[in-house]
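Here is a short tour of a protein model, written for someone who likes to keep the structure open while reading. Please have your viewer ready.

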Amino acid sequence: MFVVTAKEMYDTDRYAMERVGLEGKMLMENAGRAIAREMEASLAENDNIMILVGKGNNGGDGFVIARTLLERGYAVEVLQCAETSDIRGDAAFHREVLLNMGYSISEYEGQDVESLLQDKDVVIDALLGIGIKGAIRPPYDYLITLINQYQGKVLSVDLPSGIPADEGYEVHQAVEADQTIVVQFPKVSSFLQHTAAFYGDWTTVDIGLPSNVIQSGENQKKVWGRRDVVRTLPSRSSFSHKGTHGKGLVIGGAVAMPGSIAMTSRAALRAGAGLLTIATVQENVTALAANVVEATYHTLPSQHGHIRSLGELDFSYDGIAIGMGMGRHEQAPTIMKEALLQTEGTLLIDADGLYALKQVLPSLSDREGTTVLTPHPGEMAHLLGITVPELLQRPFSYAQSFATEHDVYVVLKGAFTLITNPKGDQWINPTGNAGLAKGGTGDVLSGILLSMLMQPQTVEEALCNGVWIHGYTADILIEQKHSSYDLLASDVIDGLPATYRNIFS
Ligand SMILES: NC(=O)C1=CN([C@@H]2O[C@H](COP(=O)(O)OP(=O)(O)OC[C@H]3O[C@@H](n4cnc5c(N)ncnc54)[C@H](O)[C@@H]3O)[C@@H](O)[C@H]2O)[C@@H](O)CC1
Ligand SMILES: [K+]
């Protein structure tokens, strides 16, 4: 499923009208009717409905929705919140059609909307769509405040009014919808931390727009869904042996933090890695060996309880993950630089490794093999030299510019983990829940990704599948036996068998 910006939506609209021959009126008819049908699932037969219509094409959709619901027998009052002379084009056309069918439209002229809303069960918000610019002007600011005070159900058309389609905007005022019916493609703002919640539950409706404009665009953004996982996750051959499934290495750990690499390693093995070696400080090996019995161990020189150097380490593995529980000490950047230069194949860098990386960033461009960075927002902001709020305003652009500039894959973790390849294409992961906001879940993800990177699939597929599996496992656990309070990172490792059985069933 493609995810679009306002510009991509308008380009698609123009292409559909100018090149394909689908008239704007027809697209608006399709949109309004599809949205009305979708809304019907949330409506009761006797609901009293108020639809607030703005002056743009979002309002135009509103006129079609009103007509469709009225024809189906619902009690709908249409409040037009703009001067009739300001309503133009396709919206004006559908306004006329509504009137020609004998229905009436009230105009907002400062009347007491609050009391008008009092006897309504549902408000449909068709005030503003993707065309919004700047701070909300009257009367929409006032109407949005009233909608948010209103106790009944609020259904928004395309976007909650006041929310822009794109990232990089501060939101001062917007409708807090219970449900949003999105026209054809989800917009970027439905995946941003500061705007996603305004949408409530959202679904998309197909209005017949072609996707070739987006497909031929410079960079694409897509949601990675279950179907993608089932399509791309390699099944195992009966003739495979442990070497077929990847020989991985995990470098990390310090005396104070033995748990991180234990979780990464157990997750890698559970997720399918054939063979796994752990390179860590001598002091931790006995405890780790009791915990991860399937792994082999390589002891690294230590100092003050952390790794001093990579010593005689052999780098010939199918995949290497570095950084988990490694600590932020003064030898760390030298260790990171050595790992960057010595690893010919795939190198995944996580956690403390990302802090060390910041000091040796230019060495990234000396690498030939695949590099994957798995930062959470704090680590990504540190790498970019910006604040976390700045990053969260524009996660798509920041992740993209970092990935393209340094020729790396970036897995930016969050409620909607964002995967970016070195060309700048992006995938959004829809799985996962608040239970994952706990220590150790990042270590588990690194292990799953290390394993995925060693299986016969593209790097993009490996990362998207790994992130999806991690989140989906947490979702199943929350649904079946845990809660978002008690879920532990190690539960996610133990939940992997059920996820695999589910995917391959
Ligand atoms: N392919 C498409 O793009 C389609 C879009 N459709 C609908 O059309 C919408 C986009 O239509 P428009 O481009 O007319 O945009 P809007 O419906 O968002 O309206 C924009 C108008 O609102 C006013 N406005 C903008 N910012 C404002 C602010 N801050 N405060 C107060 N008023 C403000 C401006 O006068 C502007 O003309 C979509 O969201 C969707 O609902 C559908 O009808 C069908 C196809
Ligand atoms: K809207």
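Helix H17 has 22 residues, and the distance from its first C-alpha to its last is 31 Å, close to the 32 Å expected at 1.5 Å a residue. That expected span is 1.5 Å times one less than the number of residues in the helix. Helices (H or I, at least four residues) and strands (E, at least two) are DSSP runs, numbered from the N terminus. H17 is mostly covered, with 16 of its 22 residues buried. A residue is called buried if 20 or more other C-beta atoms lie within 10 Å of its own, exposed if 12 or fewer, and partly exposed in between, with C-beta atoms placed from the backbone.

Before going further, please note that this is a predicted model, in which local features need pLDDT of at least 70, side-chain atom pairs count only at pLDDT 80 or more, and totals for chains, interfaces and linings use all residues. Residues are numbered from 1 along each chain as its sequence is written, while chains are lettered from A and ligands numbered from 1 in the order in which they are written.

The protein has 18 helices and 19 strands. Its C-alpha atoms fill a box of roughly 85 × 45 × 40 Å, taken along the principal axes. Of the 505 residues, 50% count as buried.

Now to the sheet. Ten strands form an open sheet with mixed pairing, in the order E8-E19-E18-E17-E16-E15-E14-E9-E10-E11. Strand E8 (221–223) and strand E11 (296–300) stand at the edges with a single partner strand each, so one side of each has no neighbour in the sheet. From one strand to the next, the twist averages 20°. Helix H17 (residues 459–480) packs on this sheet, touching E16, E17, strand E18 (418–420) and strand E19 (426–428), and its direction makes about 10° with that of E17. Touching here means a contact, with C-beta atoms, placed from the backbone, within 7 Å. For the angles, axes are lines fitted to C-alpha atoms, for helices over the stretch in contact, and values run from 0 to 180 degrees between N-to-C directions.

| Strands | Sense | Bridges | A facing pair |
|---|---|---|---|
| E16 (residues 371–373) and E17 (residues 409–412) | parallel | two bridges | Leu373 and Val410 |
| E14 and E15 (residues 346–349) | parallel | four bridges | Gly319 and Thr346 |

In a regular strand the side chains alternate between the two faces of the sheet. In strand E14 (residues 319–322), Gly319 and Ala321 point one way, Ile320 and Ile322 the other way, and all are buried.

Elsewhere, Ile181 sits in strand E6 (residues 179–183). Ile181 is buried because 25 other C-beta atoms lie within 10 Å. Leaving out residues up to four places away in sequence, Ile181 touches Ile35, Glu38, Met39, Leu155, Val157, Thr203 and Val205. Glu38 is 143 residues from Ile181 in sequence, yet the two are 7.4 Å apart in space, C-alpha to C-alpha.

Which residues are the closest to ligand 1? They are Gly56, Asn57, Asn58, Gly129 and Gly131, among 31 residues that surround the ligand, each with its C-beta atom, placed from the backbone, within 6 Å. Helix H1 (6–20), helix H2 (24–40) and helix H3 (57–71) are the elements that give two or more residues to this shell, and H3 gives the most, with five residues.

Notes: Pairing = 2+ DSSP bridges. Contact = placed C-beta atoms within 7 Å.
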